[in-house]
Amino acid sequence: MRNASLKCAAWLIACAAVMEGLAESSGGSHYAAMKDMVQGGFASFVEALAFFEIYSWAGLLVAEQQAPTESLSELPLWQQKQCSVPGDEAIKRCSCFEMLNMGEQWLNRSHVSPEEYRQLRRRAAKLHHPDSGGSDDAMVFLIKCSVLLCGDEKCQKPGSMIDSDRSKKKQYIADLRRAWTKCQRWSQRDRLDKEGRAKCWQYEVEDIHDVTFGSTAGARSDVRNSKSKSNAQRGNEDEVIVFLDNSNSMEGERLARAKMVFKRLFPSFEKAPTSIHFISGSASSVQSNVFKERVEQHGGRYEDVVIRMTLVWDNCNDLDLHVVEPGGNEIYYGNKRSSTGGYLDIDRNAGGCHEEDHPVENIRWTPETSAEHGLYKVDVNFFAQHSSQKRTLYKVEIAVGPDSQMFQTAISGGRQNVHQFEFQGLHPKRGSGDYESREAFPSDIDFTQEDVDQSWQAKAWSTHMWEYAYQTILKKAEARPMTKWRAVFIVDGYDNDSPGNFQGPAGFNQMMNQLDAAGVKPEISVYCVGNDACTGDDEGKHHYRDLVLHSGGVYGYLLDGSSQEEARRSIGHFAEKFTASREHRQEISENSQREWLHLVARGDPVSNKDEKYTQELILKTKSDVTPGEGRQGHKWSNNDLDVKCTFRTDGTKKCTV
């Protein structure tokens, strides 16, 4: 045990030294830093390339040519061991090509002969063998990869693969290519930092391997079977409901960091009855029919489409809808038809206010067209002001087959990006469970953190959150009225698929209004990743923060582009509070509510101020805070309390019922 501890400590020290070197590396020294990462087991060969945004064979050659001369006396990076990642399951971070030291050939799309496969497999077996510093797990995984790529565990007969083997290998290669392209695009679109780029590839490869070779459920079943009690039988009267944002805006770095939050919280979920819910779209995707009405009124095509983008607004200013296709072609008023079949079939308000003040623009691809696969970019441009008011609220609905998502914001000039999305064809056989908010893991079954991690894919097109959360919390509270309920949301933005007052950044007010009316007062915690919603709206209202403080929960957030160190601190601070003992949580809860009262007292534009609940909190927390003026925002209750307040000599109030 002592030797193992020393080895672990030495590994951590080496890791810190490598990362310090990476922080100082630039230009040709990237090559040396990449070798340190791969040989030290901190990343696979391709992860290291992604880390430095080297997405091509030519880029790798340039890095080698610019490397310090002393490095050239050694074997090139791609001729050394390409996967040294330690750990039982961690080895599956490496692609099968890296396991066979073929990462550079995969990157260069090189043809590999049967003899080359045999030679590479033989050499890889020596590199991954325990006698050479490898492990049994690495050898087991190497055998799986050899069967996949060669049809034989020793690559002795790669030319005799049956059709089904070839099909599986072809699919695997296509999946890797798609993942590599996706991470490259995310890097450019979302400006991922180095760790984010490497993590993107890592998670994509792990997901591909779970599909190709089967999940690790068998290995985890021993853990399940060793537990004497199910999650729902752990003897804690607090029950936890976890809501995970499963919409596709969570992909990439956001999802990776959201999963980090979940992983840190999971030990507390194992100690209390906990259910896990994925927040996706609503079953009926309830939306206003204003899009359909306006498109069909002006002779455009709304239904029976492969892809559609519809823009609506309510004044006579001239806004224009722009769509950039994967190939780079842009569809707009100056280029209405694309060679792929995309068509701007409605363009309104070019003539000013004599046209109309309820306009619409519509771009669509029908089933008869050939919409490109890849990244689509949807923009709105403020072309001309015709109305007396320049600032214009607008909505854009984006539909891919039967699934749609609505975006709403305002523009006062220039061009705004509304959304970007990947299109890889329609999926008519999709299961509704991936696209509708649902309970994925009930509290009466046992599950592991890895089970949730694998199921959380962030593929849904919309977010049906507050109405679904209200229905879920109320149903559980009615079934067990004596239970103290804790709900935690790990999200990246607002609800855009709930009806009426449940929708939008302040949709939680409707949820809390109705729960309060039913006598249900859950403690709400929120961790928000990526979106501007995390830090407040245009009016300065921090909706998620206010929800959390008001209910006595824990709040945390992390914006896009935050460093790894910022993420570590933020997530650690949130997890420390959420996973505290019950006695400590009670103190944290009261401190949160006192903080909310101070915001009210200062007259801050909080989302939820009402007299009844404010006075209740003053009494509950024994606070001397005096509510301030200007109580804008939504109310959670209109009931009155007979509250008597007396002034103290220092000017503060003391209130009693």
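Me: What is the handedness of the link of C96 and C145?

Reply: A disulfide is a pair of cysteine sulfur atoms within 2.5 Å. With -70° about the S-S bond, the link of C96 and C145 is left-handed. C96 lies in helix α5 and C145 in helix α8, so this pair ties together parts that are 49 residues apart in sequence. The S to S distance of C96 and C145 is 2.1 Å.

Me: What kind of model is this, and how are residues numbered?

Reply: This is a predicted model, in which local features need pLDDT of at least 70 and side-chain atom pairs count only at pLDDT 80 or more, while totals for chains, interfaces and linings use all residues. Residues are numbered from 1 along each chain as its sequence is written, and side-chain values use heavy atoms, with hydrogens and water left out.

Me: Are C96 and C145 buried or exposed?

Reply: Buried means under 20% relative accessible area, exposed over 50%, and partly exposed in between, with a 1.4 Å probe and protein chains only. C96 has 0% relative accessibility and therefore counts as buried. C145, at 0% relative accessibility, counts as buried too. Of the 657 residues of the chain, 51% count as buried.

Me: How many disulfides does the rule give?

Reply: The count comes to three disulfides. One of them joins C83 to C94, with S to S 2.0 Å. The torsion about the S-S bond of C83 and C94 is about 75°, so this disulfide is right-handed. C83 and C94 each lie in the loop between α4 (57–65) and α5 (96–99), so the pair ties together parts that are eleven residues apart in sequence. Both C83 and C94 are buried.

Me: Why is the disulfide of C150 and C155 called right-handed?

Reply: The torsion about the S-S bond of C150 and C155 is about 65°, so the disulfide is right-handed. The sulfur atoms of C150 and C155 are 2.0 Å apart, and both residues are buried.

Me: How are two packed helices described?

Reply: Two packed helices are described by the angle between their axes and the distance between the axes. Axes are lines fitted to C-alpha atoms, for helices over the stretch in contact, and angles run from 0 to 180 degrees between N-to-C directions. Helices (H or I, at least four residues) and strands (E, at least two) are DSSP runs, numbered from the N terminus. The chain has 20 helices and 17 strands.

Me: At what angle do α7 and α8 cross?

Reply: The axes of α7 (residues 114–128) and α8 (residues 136–150) come within 10 Å and cross at roughly 170°. That makes α7 roughly antiparallel to α8, since angles under 35 degrees count as roughly parallel, over 145 as roughly antiparallel, 65 to 115 as roughly perpendicular and the rest as oblique. Contact means heavy atoms within 4.5 Å. Y117, R121, A124, A125 and H128 in α7 meet residues in α8 including L142, I143 and C150.

Me: How do the axes of α12 and α18 run?

Reply: The axes of α12 (residues 253–269) and α18 (residues 564–578) come within 10 Å and cross at roughly 25°. That makes α12 roughly parallel to α18. Among the residues in this contact are M260, V261 and L265 of α12 and I571, F574 and F578 of α18.
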